[in-house]
Amino acid sequence: MFNRTAIAPLEYTRKLWMRSWVGLTMLFLYAPLLVLMIFSFNDSRRNIEWKGFTLKYYEKALNNDSLVEAMVNSLTIAFLATIVSLVIGALAAVMLWRFRFPFKGLVEGTMSLPIIVPEICLGVAFLIFFAKIDWPTDLPWPLNLSAITIAHITFCFPFVAMVVRARLASFNMEEEEAAKDLGATDWQAFRDVLLPHIKPGLIAGALLAFTLSLDDFVITFFTSGPDTITFPVKVYSMVRFSVTPEVNAASTILILLTVILTFIALKLQGVKGIAQSH
Amino acid sequence: MSGALQDWKSQKRPFAAIATAPVFWLALFFVAPMAIVWLYSFGQNVGPASIEISGTLDNYKRATEWLYLSIFLKSLAVAALTTLICLIIGFPVAMAITFAAPKWRPWLLLGIMLPFWTNLLIRTYALMALMGTNGYMNKGLGGLWEGASWLRTLVGMQPLEAWTPVQLLYNNFAVVLGLVYVHLPFMVLPLYSALDRLDKSLIEASLDLGAGHFKTFMKVVVPLAAPGIVAGVMITLIPALGAYLTPDLMGGTDSQMIANVIERQFKRANDWPFGAALSFLLIYAMFILIALQSMRANKVKEVR
């Protein structure tokens, strides 16, 4: 930064206008979030003037049973959806990478559709689908979350398949053949040779699925019932009807959770690995 | 790679073990629901809770009435404007990341990606809080206004009237700003990955041979980054076209987009067949966009 050498032609990043542009963009991206986080500690119901530090809205948010329930629901759904998407997504990736089979193009194309089809259309489709097959809605927790979880798995697993398949492309088939020549069974070769190789892809895919599931509002909005409120749906109704500092507090907790997850991912993969997974 | 592909017939058992779950899930929980929506789009309401699939095209006829067509076109215009603004803001950012010192690059990338990992609803809500009549954006504008007023008195003109907070939310401007805010990372990441692959010596050559920075940018950088630009445009345009949350929360009565109209058919208006027809029209629009892009990609391949 305090480098005094002349700016080389390609060092665009050292030019003042370029720096201000990036700085302003970052300000645009982060200012709203930072203001929200700071004012979650503000001792005032209004969002504008600083009246002193307080944790009372965190206390309120944590004592708000429906908000906590929504958070627990969201995390449960994200956890279940991630595990199932990881298995199905990895299987789908291996299937497309390894085998030649009839209608492969069709299967491959259909699998990329949940990524492309607008969320609203997918949400509507699940609403009609679960109404049509009379999916029971009065099951005990956590079974009542099954409809939402199924919907989430459907749009998460193609992303997992995509990430894992990108990783599979760098796998050397000869390694597996060598394992088999040395007496490994199909299952052993899969578990001890292929699985360790795709592990980074699995981690990236799992994080992606978890975030996508935790983030989803539109599809959940159409599949959730009165007893199955998730965190985004709850925040939506709170924003819609009465904005309270409790939402700031609850949002700050979720933002911090996201940051923590990102840093775990960083520890596991390094910054570069994360960048490449997108 | 293709030589290593195994035929499923020679490996029936492993193939079945691997393929059953994904294919089954896709058929049952994606193809089936979409097929039901498609069938419903040719149906009509015959009772309060019963729909008869009669093969009628009335829903599609109604969807092409001017009222709905204009909302469709407006959604397309809003999405296109959002994409354009994202491209204008995002390109220099992607350039800056590409040419940044290696130790800064991952952190700049992370800075772009972290908001992308943050909950969409929370980001929209945070922006709304900033844009309210008592929010900081209004305060900032008020400050500028007073500065302008002060400048006017300095040159001997009448000062401006006192600043009254403006309504920044609940209009089309707010929708576009909200969509740009949400979709900016989608644009920057593909642009960066295209620019990163670009051979930097070509830029140097262009500069050495006397072209200015602007000319080099237009004639060398942009054409070489074209695949990334197209990818970024598609990745931004498609979700922006189907956006529901931003127009719903930040828009006014006249800024509803197609997704809000679809939602209304399933909740308040309770006209499922019509909503189904509208959603399929939206899906067809996506297909057309993707087809246009792949046609373009094929053309580029032929030229080379």
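Two residues are in contact here if their C-beta atoms, placed from the backbone, lie within 7 Å. This is a predicted model, in which local features need pLDDT of at least 70 and side-chain atom pairs count only at pLDDT 80 or more, while totals for chains, interfaces and linings use all residues. Residues are numbered from 1 along each chain as its sequence is written, and chains are lettered from A in the order in which they are written.

Leaving aside residues up to four places away in sequence, Val124(A) touches Phe222(A), Val37(B), Ile262(B), Phe266(B), Gly275(B) and Ser279(B). Val124(A) is also, with Val160(A) and Leu191(B), among the residues with the most contacts inside the largest nonpolar core, which has 153 residues. Such a core is a set of buried Ala, Val, Leu, Ile, Met, Phe, Trp, Tyr and Cys residues joined through C-beta atoms within 7 Å, buried meaning that 20 or more other C-beta atoms lie within 10 Å of a residue's own. Helix H7 of chain B (residues 172-197) gives the most to this core, 17 residues; helices are DSSP runs (H or I, at least four residues) numbered from the N terminus.

The contact between the chains takes 68 residues from chain A and 74 residues from chain B. On the chain B side, helix H1 (residues 12-40) gives the most, with 18 residues. By class, that side has 61 nonpolar, eight polar and five charged residues, where Ala, Val, Leu, Ile, Met, Phe, Trp, Tyr, Cys and Pro count as nonpolar, Asp, Glu, Lys and Arg as charged, and the others, Gly among them, as polar.

Notes: A residue is buried if 20 or more other C-beta atoms lie within 10 Å of its own, exposed if 12 or fewer, and partly exposed in between; C-beta atoms are placed from the backbone. Helices (H or I, at least four residues) and strands (E, at least two) are DSSP runs, numbered from the N terminus.
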